[in-house]
Amino acid sequence: MDPANESSEGTPFILLGLTADPRQRQPLFVLFLVLYTAGILGNGLIVAAIQVSPALHAPMYFLLAHLSFADLCFTSVTVPKMLANLIAHDRSISLAGCLTQMYFFFAVGVTDSCLLAAMAYDRYMAIRHPLHYAAKMSRAVCTALVGTAWLVSHAHSLLHILLMARLSFCASHRVPHFFCDHQPLLRLSCSDTRHIQLLIFTEGAAVVVTPFLLILASYGAIAAAVLRLPSASGRLRAVSTCGSHLAVVGLFYGTVIAVYFQPTARYEAERGRVATVMYTVITPMLNPVIYSLRNRDVQGALRALFTGRRRISAGDT
């Protein structure tokens with residue numbers, strides 16, 4: 001074994017977090033605790049409502065439940081550790097812990113990306129092929145889409161982690177980030193990282209850029225169909241819905257591409273942290289609002305869910 005790599009395995013990384021100013025840590029802790037709680041509650045309620053409501057067993061809601069579950073996992077990979085580090089003196093994390101966090105972060109993040117593409121495709125099929133929608137988006141097709149998303153994401157993540165595990169970190173172990181991410185760790189490595197960066201720009205681009213292009217193509221086709229609607233109010237409502245969806249998609253993919261698809265030498269820690277917050281905290285919190293909480297069927301299912309809980313509580317007492 002390389003002595004440098006052996007040394008790095010026994011030396012924990014220090015996550016420097018969002019700020020070096022002790023006075024900012026408590027306000028940031030409160031802010032991100034509120035955002036994290038809102039995201040967990042929002043996504044958790046969507047999953048629960050879709051599971052218990054027979055009216056929400058359509059393909060769109062099946063995909064939405066998996067997106068909400070993925071968002072819930074996505075934020076939980078990084079935010080709890082970030083919150084703990086904002087109030088704790090010890091902000092260290094072992095190499096094994098770092099690689100584990102990175103594995104699940106990439107696995108769930110790519111799943112999120114693929115599910116957004118699957119949902120855009122579902123809307124495309126519903127609008128462009130309404131008569132054949134039930135057959136083309138059967139439960140078997142939806143299950144295959146979701147299964148493929150999880151399989152591709154874990155294969156992608158495993159490949160990256162196996163390469164990252166071979167790196168030596170013989171320089172500083174102070175990570176200028178709130179979790180173990182690719183770019184900050186690559187800058188700390190004294191190994192040759194060209195093969196990993198090549199992988200990011202090839203295979204990484206395939207699992208991120210391809211879903212993004214599919215989403216744009218699907219919404220482009222949807223927009224063309226919407227413009228042919230006879231009702232002006234219907235066109236306005238559809239455009240508003242598609243616009244909000246694309247805004248969240250643009251925020252998610254725009255910040256992901258800005259962080260990862262640049263040479264490591266050009267990576268700036270402060271800008272990287274800000275961009276990462278956008279797609280790890282803000283976007284998962286917005287997804288329930290944009291995709292579901294404005295939906296009347298989901299609102300009805302949530303009311304029934306809370307009513308049912310209250311009735312169960314009353315019956316138990």
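The side chains of aspartate 21 and arginine 23 meet in a salt bridge, with 3.2 Å from N to O. The term stands for a side-chain nitrogen of Lys or Arg within 4 Å of a carboxyl oxygen of Asp or Glu. Arginine 23 is exposed, at a relative accessible area of 70%. Here exposed means over 50% relative accessible area, buried means under 20%, and partly exposed lies in between (1.4 Å probe, protein chains only).

Before we go on, a word on the model: it is predicted, local features need pLDDT of at least 70, side-chain atom pairs count only at pLDDT 80 or more, and totals for chains, interfaces and linings use all residues. Residues are numbered from 1 along each chain as its sequence is written, and side-chain values use heavy atoms, with hydrogens and water left out.

## The salt bridges

How many salt bridges does the structure hold? There are three, and the table sets them out.

| aspartate 21 | arginine 23 | 3.2 Å |

Aspartate 122 counts as buried because its relative accessible area is 1%.

## The overall fold

Let us step back to the whole chain. The protein has 11 helices and three strands. Following the sequence, these elements come in the order α-β-α-α-β-α-α-α-β-α-α-α-α-α. Both kinds of element are DSSP runs numbered from the N terminus: helices are H or I with at least four residues, strands are E with at least two.

How much of the protein counts as buried? Of its 317 residues, 47% do. The protein exposes about 15200 Å², and carbon and sulfur atoms supply 66% of that area. Such areas come from the Shrake-Rupley method with a 1.4 Å probe; for residues, only the protein chains shown count as cover. Among contacts with a separation of 6 or more, 80% join residues 24 or more positions apart, where contact means heavy atoms within 4.5 Å.

## The cysteines

Which cysteines form a disulfide? Cysteine 98 and cysteine 180 do, with their sulfur atoms 1.8 Å apart. The link ties together distant parts of the chain, 82 residues apart: cysteine 98 sits in helix H4 (residues 95-128), and cysteine 180 in the loop between strand S3 (174-175) and helix H7 (182-188). The angle about the S-S bond is -115°, and the link is left-handed. Both cysteine 98 and cysteine 180 are buried. With a disulfide taken as a pair of cysteine sulfur atoms within 2.5 Å, the count comes to one.

Cysteine 142 is buried, since its relative accessible area is 1%, while cysteine 73 is partly exposed at 21%.

Where does leucine 246 lie? It belongs to helix H9 (residues 232-260). Leucine 246 has 33% relative accessibility, so it counts as partly exposed.
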